[in-house]
Amino acid sequence: MDCENWSDTANTVSYVPATVTRSAKIVIAGGFGVGKTTLIGSVSEVRPLRMEEPITEDSVGIDDLRGTPKKTTTTVGMDFGRIHLAGGALALYLFGLPGQVRFQPLWEDLAQGALGCLVLADTRDLEASHEALSLLESEGIPYAVAINTFPDAPVYDPDELRQALALDPHTPLTTCDARDRTSALQALITLTEYLIAHRAALSLEPTP
């Protein structure tokens, strides 16, 4: 798949260009502070919509800030962005889910109609991804997992990560730096290529 941006400069396309022939809804999921807002901000070709609020004392003992001590806001609704791939023919609408489990009813609403999901994970707290993975499994939404490479995070063998996350052998597992546009874009391309192959495989299955 063409991994170059449709536009020459990020965050400049404010309309759906005439070149778009296909579109897809993609959700970005993962634990609290894993980098979902950052990733969408890195790749979106429109100004990202962010529904964030300051972190207050009410979150003490509930939201784990050990891995992100400088984090001052948290997503309480969703993040939204849009990117064009394949020479502008494919538009991906990105919906970032809040990371805390208490927002699970909102996860379920936002996941409806999604073609697939990119799950961000942090090796410092892999368990934080389990709730999102369970939801995707129960809803039958295909997904890929991207390990967001924080500077101080431990590095594990891919087989160890697959075991820890209980991933199917065919589920894509990659790494990315959510702050880096090219790296984040490659993670989305990995997901998109998997979704295309997944749909093609389903179309070849015999009809009961």
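A polar contact here is a pair of N or O atoms within 3.5 Å. With that in hand, look at the start of helix 4, where a side-chain oxygen of Asp157 comes to within 2.9 Å of the backbone nitrogen of Asp159. Before I go on: this is a predicted model, and everything I say today is about that model.

Let me stay with helix 4 and move to its other end. Helix 4 covers residues 158-165, and what follows the helix is Ala166, with a positive phi near 55°. Most residues other than glycine have a negative phi. Is Ala166 buried or exposed? Its relative accessible area is 63%, so Ala166 is exposed.

On the strand 3 side we have His84. The relative accessible area of His84 is 0%, and the cut-off for buried is under 20%, so His84 is buried. Which side chains does His84 contact? One is Glu45, through a polar contact of 2.7 Å between the two side chains. Another is Arg82, where the side-chain contact is 3.3 Å.

Strand 4 pairs with strand 1, residues 22-30; the two run parallel and are joined by seven bridges.

Next, the nonpolar interior. In soluble globular proteins, nonpolar side chains tend to be buried together. In this model the largest nonpolar core has 26 residues, and those with the most contacts inside it are Ile28, Leu39, Leu92, Leu94 and Leu118. Which elements supply at least two residues each? They are strand 1, helix 1 (36-43), strand 3, strand 4, strand 5 (116-121), strand 6 (143-148) and helix 5 (181-204). Helix 5 gives the most, with eight residues. Apart from this core there is a second, separate one of 23 residues, which includes Met78, Leu110, Ile141 and Leu161.

Take Ile28 as an example from the largest core. Leaving aside residues up to four places away in sequence, Ile28 touches Lys36, Leu39, Ile40, Phe95, Gly96, Leu97, Leu118, Leu120 and Leu188.

Ile40 comes up again at Pro48. Pro48 lies in the loop between helix 1 and strand 2, residues 49-54. With residues up to four places away again left out, Pro48 touches Ile40, Gly41 and Phe80. Pro48 and Asp79 are 31 residues apart in sequence, yet their C-alpha atoms are 7.0 Å apart in space.

Last, the charged pairs. Side chains of opposite charge can pair when their charged atoms come close. How many salt bridges does a search of the whole structure find? It finds four.

Asp122, Arg124 and Asp152 are linked in a network of salt bridges. Between Asp122 and Arg124, the closest N and O atoms are 2.8 Å apart. Between Asp152 and Arg124, the corresponding distance is 3.0 Å. This second pair links distant parts of the chain: Asp152 is in the loop between strand 6 and helix 4, while Arg124 is in the loop between strand 5 and helix 3 (130-139), 28 residues apart.

Asp122 has a relative accessible area of 10%, so it is buried. Arg124, at 27%, is partly exposed. Asp152 counts as exposed because its relative accessibility is 56%.

Another of the salt bridges joins the side chains of Asp177 and Arg179, at 3.0 Å from N to O. In that pair Arg179 is exposed, with a relative accessible area of 57%.

Technical notes
Residues numbered from 1 in each chain as written. Predicted model: local features only at pLDDT ≥ 70, side-chain atom pairs only at ≥ 80, totals over all residues. Heavy atoms only, no water. Helix = DSSP H or I, 4+ residues; strand = E, 2+ residues; numbered from the N terminus. Buried < 20%, exposed > 50% of the residue type's maximum accessible area, 1.4 Å probe, protein only. Pairing = 2+ DSSP bridges. Polar contact = N/O pair within 3.5 Å; in protein donor to acceptor, adjacent residues only side chain to side chain. Core = buried A, V, L, I, M, F, W, Y, C linked by side-chain atoms within 4.5 Å. Contact = heavy atoms within 4.5 Å.
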